[in-house]
Amino acid sequence: MLKSISRAVSIASRLTNKTATASSTRTVEPMVRSALCLPNSAPIRPYTRSIWMMCNNGAASGYRPKLFSSKGALPSSSCGCGGLHTEGDKAFGEFLNDEIKEEKKIQKNKTLPKMSGGWELELNGTEAKLIKSLSGEKVTVTFNVNNSIPPNVEDEPEQGQKSAENEPEIVSTPNFVVEVTKSAAKQALVFDCHFPEDEVAHGEGEEESDIFTIREVSFQPAGDTDWKETSYTLNTDSLDWALYDHLMDFLADRGVDNTFADELTELSTALEHKEYITFLEELDGFVKCN
């Protein structure tokens with residue numbers, strides 16, 4: 001009887017061990033087969049649970065992570081402003097910092113120079129107005145510093161010379177409009193003036209020449225800011241020189257002469273440089289999203 005029970009226990013034990021061994025073999029066999037099928041026969045490193053959950057789109061929990069499912073990451077970062085920040089932006093910002101420092105070093109006028117002759121200055125961004133009242137007349141000179149820097153057509157400096165020494169000084173020479181109104185008149189006499197690029201500097205030669213010229217003259221409704229094309233406009237290109245000289249004298253009697261033009265270019269140059277530095281600072285802040 002005892003022998004029969006012992007034999008039954010022994011048979012059951014052998015069957016149990018055989019089943020466990022077969023199960024273990026079936027579990028390891030796919031991993032070995034997969035390793036042999038790899039191109040470089042590299043050993044497989046199984047994922048951890050957290051990474052597997054992030055990669056698995058069919059997880060039973062319904063978790064849909066986006067960390068590894070993104071199509072591609074931009075070579076940049078973003079901040080709370082929602083703006084894009086690239087390596088190019090960083091280099092751009094560093095350049096702007098240096099540029100702003102250099103421009104402030106060479107800035108001649110920290111404050112805008114004043115005009116002599118009793119002119120009052122009004123500013124609206126890049127537009128400036130100079131206003132003077134004279135015995136029942138009002139003279140208004142308006143100019144804008146945008147596009148007021150003449151193009152630099154100087155030749156390249158010779159080899160061995162420092163470019164800074166040969167670089168011409170930047171001077172703003174804007175077109176300007178002179179409006180003369182009389183209290184008893186409904187119309188204003190308007191002069192469109194400019195600085196000729198090829199004009200010889202005054203003071204050279206036997207007689208002092210005008211550093212600005214009148215390009216057009218017209219009557220316009222007083223107080224109207226728009227130039228009406230329906231009003232007759234006198235172009236001075238083919239004008240009699242005697243009439244042109246009287247027109248220039250008319251302006252000079254009201255304070256618009258060579259001295260005024262010199263001071264206007266100085267004021268315009270300072271204003272243009274100030275606006276340029278402000279633009280660089282705003283551009284720097286925009287690039288950095290400040």
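## An aspartate at the surface

Let's start with one side chain: Asp-210 is partly exposed, because its relative accessible area of 34% falls between the limits of 20% for buried and 50% for exposed. The model we are looking at is a predicted one.

Together with Asp-240, Asp-245, Asp-249 and Asp-253, Asp-210 forms a patch of negative charge on the surface.

## The chain as a whole

Stepping back, you will find six helices and nine strands in the secondary structure of the chain. The chain has 290 residues, and 25% of them count as buried.

The accessible surface of the chain amounts to about 21,200 Å², with 53% of that belonging to carbon and sulfur atoms. As for contacts, if we take those between residues at least 6 apart in sequence, 54% join residues at least 24 apart.

## Two residues with positive phi

Ser-135 is not a glycine, yet its phi is positive, at about 35°. Ser-135 belongs to the loop between β4 (127–134) and β5 (137–144). Is Ser-135 buried or exposed? Ser-135 is exposed, since its relative accessible area is 82% and the cut-off is over 50%.

Asn-147, another residue other than glycine, has a positive phi near 55°. Look for Asn-147 in the loop between β5 and α4 (163–166). With a relative accessibility of 82%, Asn-147 counts as exposed.

Note on methods:
Residues numbered from 1 in each chain as written. Predicted model: local features only at pLDDT ≥ 70, side-chain atom pairs only at ≥ 80, totals over all residues. Heavy atoms only, no water. Patch = residues over 30% accessible without salt bridge, like charges linked within 9 Å, V, L, I, M, F, W, Y side chains within 5 Å. Areas by Shrake-Rupley, 256 points an atom, 1.4 Å probe, with all protein chains shown as cover. Salt bridge = Lys/Arg side-chain N within 4 Å of Asp/Glu carboxyl O. Lys, Arg positive; Asp, Glu negative; His and termini not counted. Charge placed at Lys NZ, Arg CZ, Asp CG, Glu CD. Buried < 20%, exposed > 50% of the residue type's maximum accessible area, 1.4 Å probe, protein only. Helix = DSSP H or I, 4+ residues; strand = E, 2+ residues; numbered from the N terminus. Contact = heavy atoms within 4.5 Å.
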